[in-house]
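Subject: Structure handover

Hi,

Here is the structure I promised to pass on.

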Amino acid sequence: MKTGHFAYMIMAALLAVGCSEKINVHVKNIDRTYLVLEGFLTDMPFIQQTLTLSESTGYFETGDTPAVRGAHITVDDGEETVVYEETDTPGVYSAPRSFRGKTGKTYTLHIDAVVGGEQRSYQAVSTMPEPGFQIDSIDYAYTGLMQADSSWTVGMWGKDRPEPGYFYA
């Protein structure tokens, strides 16, 4: 048997024999109710712009999250203010069918809603990016396994434009 194989067998045996210890994880109950918003604004034609509003719940609670009803939601682009209307589904709000985002524009979302029994106001601002490669995340990793020299790699993830041959640019 080669020395390298013997070393791997010893390492495997040591990894297989381990100890376990019971760990109790203490999760605190939340001290207030938060607004949970699910949705996005897209420039894709024929896609209905919708937002879903609900209230936060405890980690161990089961069932559906409470829908936020009767909220007043607007999206403003500096030229036009669009009002989202509540649909037949509780907590789901839709913009008019003709509304869609435009690249390069900055949008301000305003929400007035009763959350946790209190009237609250929320606001968010975002700019729709220009089309093209959009970086999602960047990470690095050490890949110098069992080698004398160190080796670091950098990885980048994102979405490419859908046109054929765009990756050549």
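Which residues make the nonpolar surface patch of about 850 Å²? They are Ile135, Ile138, Tyr140, Tyr142, Trp152, Val154 and Met156. For the patch rule, residues need over 30% relative accessible area and no salt bridge, with nonpolar side chains (Val, Leu, Ile, Met, Phe, Trp, Tyr) joined within 5 Å and like charges within 9 Å. Strand E8 (134-142) and strand E9 (152-159) are the elements that give two or more residues to it, and E8 supplies the largest share, 4 residues.

Some ground rules before the rest. This is a predicted model, in which local features need pLDDT of at least 70 and side-chain atom pairs count only at pLDDT 80 or more, while totals for chains, interfaces and linings use all residues. Residues are numbered from 1 along each chain as its sequence is written, and side-chain values use heavy atoms, leaving out hydrogens and water.

Now the overall picture. The chain has 1 helix and 9 strands, in the order α-β-β-β-β-β-β-β-β-β along the sequence. Helices (H or I, at least four residues) and strands (E, at least two) are DSSP runs, numbered from the N terminus. Of the 169 residues, 21% count as buried; buried means under 20% relative accessible area, exposed over 50%, and partly exposed in between (1.4 Å probe, protein chains only). The chain exposes about 13,500 Å², with 56% of it from carbon and sulfur atoms; areas come from the Shrake-Rupley method with a 1.4 Å probe, and for residues only the protein chains shown count as cover.

On to the salt bridges (a side-chain nitrogen of Lys or Arg within 4 Å of a carboxyl oxygen of Asp or Glu). The whole structure has 3 of them. Asp77 and Lys105 meet at 3.5 Å, N to O. That pair links distant parts of the chain, 28 residues apart: Asp77 is in the loop between strand E3 (72-76) and strand E4 (81-86), and Lys105 is in the loop between strand E5 (92-94) and E6. Glu79 also forms a salt bridge with Lys105, with the closest N and O atoms 3.2 Å apart. Glu79 is in the E3-E4 loop and Lys105 in the E5-E6 loop, so this pair ties together parts 26 residues apart in sequence. Asp77 and Lys105 are both buried, with Lys105 at 17% relative accessible area, whereas Glu79 is exposed at 70%.

The remaining pair is Glu118 with Arg120, at 3.8 Å between the closest N and O atoms. Glu118 is partly exposed at 46% and Arg120 is buried at 13%. Through shared partners, Asp77, Glu79 and Lys105 join into one network.

Strands E6 (residues 106-115) and E7 (residues 118-127) run antiparallel and are joined by 10 bridges; strands pair if DSSP finds at least two bridges between them. Leu109 has Ala124 in E7 as its bridge partner. The hairpin has 2 residues between the strands, and Gly116 takes a positive phi near 65°.

Last, have a look at Val36 in strand E1 (residues 35-39). It is partly exposed at 35% relative accessible area. Leaving aside residues up to four places away in sequence, Val36 touches Thr52, Leu53, Ser54, Glu55 and Ser56, contact meaning heavy atoms within 4.5 Å.

Cheers
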